[in-house]
Amino acid sequence: MQSTVENVSPTQAKIDLEIPFEDLKPFVDRTFKSLANQIQVPGFRAGKVPAKLIEQRVGYDFVVENALNEAMDTFFQQALAEHDLTPIAQPKLEVSQQPSAEDREAATKAFIEVTVRPEIELPEYKGLKVEVEARNGEDADETEALDELRGRFGTLKPVDRPAVEGDFVSLDLQALIDDEEVDAANDLSYEVGSGTMLEGMDEAVTGLSADEDATFVTKLAGGEHSGEEATVKVKVTAVKERELPEADDEFAQLASEFDTIEELRADLKKQAADSVVVEQGIEARDKVLDQLVGLVDVEVPDVVLQEQIDQHFNNPNADADHDTPEHRAEVEENAKNAFRNEIVLDAVADKEELGVEQSELIDYIISTSQQYGMDPNQFAQMLDGSGQAGMMVGEVRRRKALAKVLEYAEVVDTDGNAVDLSSFVTPAGAEEATEAEAVEETEATEK
């Protein structure tokens, strides 16, 4: 087989194929053998029908068409490997010449239009400079975390006073549209100031005591009349304040693995300090990626955009007003950014010769499955069953590539101080693993 490639654009290639009959013949013979098992001819056992009789029944052109249907993918894959092309969409095939009854051993000529990953010139990614918001981990305050922990063990106590932010109130609700009741609920519990119910609810109930009511106009957030404007009548039936347990040794033993409140405070302070590093790390990572991708011109194929848009908007569970010009523009822009990020980070991973360890895949499966509320084993089986195992490996590899770019970056805060993100780039577990591998290599060398 001979093949030539014409690069129509950075993401479009046209492959011309010329396949001698001797290369196609094994597929023709295989087709004859397959048809011999399907066609019944008196006097011949299944599988023993001669090729001439098969040809009389179905025609030589039919045999060639079936042979080509089977063979073209093989020839296509050979051409891709020969020219080092990676397709990212279903190719379009057109055959201009093939063997026929008139010219039984003619060469097959075809061309294939294929969308491929664009080749990019990777810019210098070492030493990118980014600025993040100044945060001081040493000054991290554990008070908020401690209060949140105390709140989990708090108790609600009825009070005889108007409701204020942070109180819990029991509510009866009635929603009216054009003076007709469309929804109602009784004995609802709500934390004043949380903003987790209807818009305008906090303003309505703040200052109300038990057995007092208020009326406000808002848009309903769910049900048959979701999005419609309604008049809501709310009655407070009880006001309760949360009583927090004392922050002492007894509480520390109840709420944690520590014996004293000092130990618990120290751990919460460390967690607060670590979260400062994580916040700066995430900000720096995002800015480094934006800066890196901004240095490269990556053409995004139309077929990739259309596939992402179709996948997003052809969801049968989507709301009726889901498909709007504004939302389509947002989805298209997100798809463009995701594709550019993927191309650039894959190039970095290639340059750095990054691989993916099984332990890294396991960590990815566990963390991602938690986001979806799924069992890790079921999540892994779902990915494998849907043929997305390769996607998973690619995603982990790109994360490592981005971490490597961040490792090379110069990060300062808004006060001009250098920011050490080594603990963010290399988590403790990974660092310990690297040290263990180094020890093993040393021991092996000494032996």
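Colleague: Which residues of α10 meet which residues of α12?
Modeller: Glu-360, Leu-361, Tyr-364 and Ile-365 belong to α10, and they meet Met-391, Met-392, Val-393, Glu-395, Val-396, Arg-399 and Lys-400 of α12. Contact means heavy atoms within 4.5 Å. This is a predicted model, in which local features need pLDDT of at least 70 and side-chain atom pairs pLDDT 80 or more, whereas totals for chains, interfaces and linings use all residues. Residues are numbered from 1 along each chain as its sequence is written, and side-chain values use heavy atoms, with hydrogens and water left out.

Colleague: How many residues of each class are in that contact?
Modeller: The contact of α10 with α12 has seven nonpolar, no polar and four charged residues. Ala, Val, Leu, Ile, Met, Phe, Trp, Tyr, Cys and Pro count as nonpolar, Asp, Glu, Lys and Arg as charged, and the others, including Gly, as polar.

Colleague: At roughly what angle do the two axes cross?
Modeller: The axes of α10 (residues 358-371) and α12 (residues 389-408) cross at roughly 100° and come within 10 Å. Each axis is a line fitted to C-alpha atoms over the stretch in contact, and angles run from 0 to 180 degrees between N-to-C directions. The two helices are therefore roughly perpendicular, a term for angles of 65 to 115 degrees; under 35 is roughly parallel, over 145 roughly antiparallel, and the rest oblique.

Colleague: Changing topic, how many helices and strands does the protein have?
Modeller: There are 14 helices and eleven strands. These are DSSP runs numbered from the N terminus: helices are H or I with at least four residues, strands are E with at least two.

Colleague: In which sense do β5 and β11 pair?
Modeller: Strand β5 (residues 129-132) pairs with β11 in the parallel sense, over four bridges; pairing requires at least two DSSP bridges. Glu-131 stands opposite Val-412 in β11.

Colleague: What about Glu-228: where does it lie?
Modeller: Glu-228 lies in the loop between β9 (212-219) and β10 (229-243). Glu-228 is partly exposed, at a relative accessible area of 34%. Not counting residues up to four places away in sequence, Glu-228 touches Ile-177, Thr-218, Lys-219 and Leu-220.

Colleague: Finally, what share of the whole protein is buried?
Modeller: Of its 447 residues, 32% count as buried.

Terms used: Buried < 20%, exposed > 50% of the residue type's maximum accessible area, 1.4 Å probe, protein only.
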